[in-house]
Every structure is written in C-alpha cells, then in structure tokens.
Amino acid sequence: MTVRVALIVGSLRKGSYSRAIGMELKALAEPGLEIEPVEIGDLPLYDPDLETDNPPPAWERFREEVATTEAVLFVTPEYNRSIPGALKNALDVGSRPYGHSVWQGKPAAIVSVSPGAVAAFGANHHLRQPLVFLNMPTMQQPEAYIGNVANLLDENGKLKKDDTKTFLKSFTDAFAAWIDKTKA
C-alpha cells in the first residue's frame with residue numbers, strides 16, 4: 001500500500017540544505033512512502049480578510065495538495081531559535097478556514113537542519129508546539145537533528161557520508177511505521 005507524504009521544506013533558499021536533505025529522505029524511503037514536495041514560497045501571508053469565496057489561488061493549490069496526502073514530513077532550518085516565517089505561514093494557511101484544516105490528524109515527522117553544530121534543535125522543538133494544536137501526531141523517536149550539514153553534502157546536494165544515509169534511512173523506516181501505527 002502506498003502512503004502519500006507531503007514534504008514541507010521550511011527554507012526558501014535556492015540550494016537549500018533543508019531541501020537537499022528532504023530529497024535524500026525521499027530517495028531513501030521505502031517504496032510504500034511516496035514523498036512529494038509541496039511548495040510554500042508562493043503563499044501570500046495569511047490574512048483573514050482574504051478568506052473569502054475566492055481565496056488566493058496559491059492558498060487553494062497548497063490546501064488541495066496537502067489535503068490529498070496522508071502524512072507530512074517537515075524539514076526545516078532554524079531562524080532565530082524558531083521556525084522560518086514561511087513555514088509558520090504555511091501552517092496558518094493550511095489550518096484555515098476554521099474547521100477545515102488540511103493538517104487534521106495527519107501523522108508528522110520533523111527533521112531539522114543546520115550548518116552549525118546545534119542542528120536547529122530550537123526549530124525542531126518549536127515546530128512541535130503548533131503541530132500539537134493542529135492535531136498532528138508527531139513522531140517522537142528517532143529525533144533528527146542534522147548539524148554541520150554543509151560537510152555532509154557534495155556539490156550536487158547528495159549525501160556523501162554513509163553513516164548519515166544509514167541514519168536517515170532508519171528515520172524514514174521509523175516514520176513509515178509511525179504512519180502505520182497512527183492510521184491503524
């Protein structure tokens with residue numbers, strides 16, 4: 001059975017380490033996990049005044065893409081000990097209109113990525129807070145903090161360290177089991 005997973009990348013930067021790790025996770029995932037990126041960079045800031053019969057087309061596209069998935073994998077950097085604004089905006093856009101959240105009940109997992117040694121620990125844990133409110137059962141273990149990421153990727157954004165590949169493979173396997181457990 002195939003499970004459709006939305007890959008939400010918190011970084012908008014061209015050449016993003018978070019996107020590179022997200023694509024590596026996609027490549028390492030077992031065949032039953034169909035991980036597909038859902039873009040957030042074009043989403044207008046959430047404004048309740050725009051929540052009309054004709055909301056911004058980017059909101060409609062985003063909501064539809066997430067709604068048709070069964071789980072969500074977040075890969076994010078850390079900005080100022082928190083999640084990037086674009087990621088928070090995506091959470092807000094997807095949670096509205098009230099009572100029609102596309103996040104409701106979807107199993108989730110978080111990977112945080114940083115060129116520094118702290119590995120975006122703050123963003124990883126800060127992201128968990130809104131996911132609780134959005135009723136997204138979030139995988140607790142294994143935790144995934146990818147520090148010194150620039151040293152782990154080659155010039156094409158591919159992992160060059162086997163131990164990191166092994167860890168990320170075990171992470172995707174655990175996520176697949178988490179999805180099965182929460183959907184049972």
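I take contact to mean heavy atoms within 4.5 Å. I am working with a predicted model, in which local features need pLDDT of at least 70, side-chain atom pairs count only at pLDDT 80 or more, and totals for chains, interfaces and linings use all residues. Residues are numbered from 1 along each chain as its sequence is written, and side-chain values use heavy atoms, with hydrogens and water left out.

Entry 1, a residue. I looked up Thr76 and found it placed in strand S3; helices (H or I, at least four residues) and strands (E, at least two) are DSSP runs numbered from the N terminus. Leaving aside neighbours within four places in sequence, Thr76 is in contact with Gly10, Ser18, Pro84, Leu87, Val111, Ser112, Val113, Ala120, Ala123 and Leu127.

I traced an open sheet of 5 strands in the order S2-S1-S3-S4-S5, with parallel pairing, where two strands pair if DSSP finds at least two bridges between them. Strand S2 (33–37) and strand S5 (144–146) are the edge strands, each pairing on one side only, and the twist averages 20° from one strand to the next. Between S1 (residues 3–9) and S3 (residues 71–76), which run parallel, I noted 5 bridges; Leu7 has Leu73 as its bridge partner in S3.

Axes are lines fitted to C-alpha atoms, for helices over the stretch in contact, and angles run from 0 to 180 degrees between N-to-C directions. Helix H4 (residues 121–133) lies across S3, S4 (108–113) and S5, at about 155° to S4, while helix H5 (residues 162–183) lies across S1, S2, S3, S4 and S5, at about 160° to S4.

Ile21, Leu25 and Leu28 in H1 meet Lys165, Leu168, Lys169, Phe171 and Thr172 in H5. The axes of H2 (residues 57–67) and H3 (residues 85–94) come within 10 Å and cross at roughly 80°, a contact made by Trp59, Phe62 and Arg63 of H2 with Ala90, Val93 and Gly94 of H3.
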